[in-house]
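Hi everyone, thanks for coming. Have a look at the model on the screen, and then I'll walk you through a few bits of it.

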Amino acid sequence: MPATAPVAQDFVPYATAAIDFHRALNIPTGPLVASRAELDSLHEHLVALHGLLDAHAQRTFRLLPGEGDHLKAARTRLWQAADHLHAAYHASPRPGSGEVPGPEACRARLPEGAPELSICRRHQETAQLVRRRTTPADLHTPFTGLVRR
């Protein structure tokens, strides 16, 4: 009887179920607009997905370039979504004061102070990876998926 390597637990379905559960519990009865904390959490989730897809794209592309192209396109779209969440965060008013922070708050890397919200630090760290893995043309094209046959 051949020995098989143990398979690592796949936690992605649990993460998906947790997001669905969160949406079902919080969105219908929650506030009408997303809070800055919610935007920060969503950004963190997209950045984590970006990292997962980046790892898959890098490994897969060497063996199956066609599949790798699609994974790279998905990774790029996730980065674009994370970038929009980051912009939405900065367009939303601060709790309490209702003040909308300026761009200099983002450059400070922790506009709300550590450790509560660190969206800018996370975004800038991920942006470094994005700059290494993608071209400006990849980020600005309306269609990022190449099709290899």
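So, the largest cavity holds about 30 Å³ of space. By cavity I mean a set of points, on a 1 Å grid over the protein atoms alone, where a 1.4 Å probe fits but cannot get out. Grid points are joined across faces, edges and corners, and the volume is the space filled by probe spheres set on the points. How many cavities of 30 Å³ or more does the structure hold? The count is 1.

Before I go on: this is a predicted model, so to speak about local features we need pLDDT of at least 70, side-chain atom pairs count only at pLDDT 80 or more, and totals for chains, interfaces and linings use all residues. Residues are numbered from 1 along each chain as its sequence is written, and side-chain values use heavy atoms, with hydrogens and water left out.

Who lines that cavity? Lining residues have an atom within 4 Å of a point, and here they are His50, Asp54, Arg75, Thr76, Trp79, Leu129, Val130, Arg133 and Thr134. They split into 3 nonpolar, 3 polar and 3 charged. Nonpolar covers Ala, Val, Leu, Ile, Met, Phe, Trp, Tyr, Cys and Pro; charged covers Asp, Glu, Lys and Arg; the others, Gly among them, are polar. Helices α2, α3 (65–91) and α5 each give at least two residues to the lining.

Helices, by the way, are DSSP runs of H or I with at least four residues, strands are E runs of at least two, and both are numbered from the N terminus. This chain has 6 helices and 0 strands.

Now α5, residues 119–133. Buried means under 20% relative accessible area, exposed over 50%, and partly exposed in between, with a 1.4 Å probe and protein chains only.

Over in α2 we find Leu42, which counts as partly exposed because its relative accessibility is 37%. Leu42 and Leu85 are 43 residues apart in sequence, but 7.6 Å apart in space, C-alpha to C-alpha.

Last, confidence: pLDDT is the predictor's confidence in each residue, from 0 to 100. The chain averages 82.

Notes: On a 1 Å grid over the protein atoms alone, a cavity is a set of points where a 1.4 Å probe fits but cannot get out, and a pocket is an open set with protein on both sides within 12 Å along at least five of seven lines; lining residues have an atom within 4 Å of a point.
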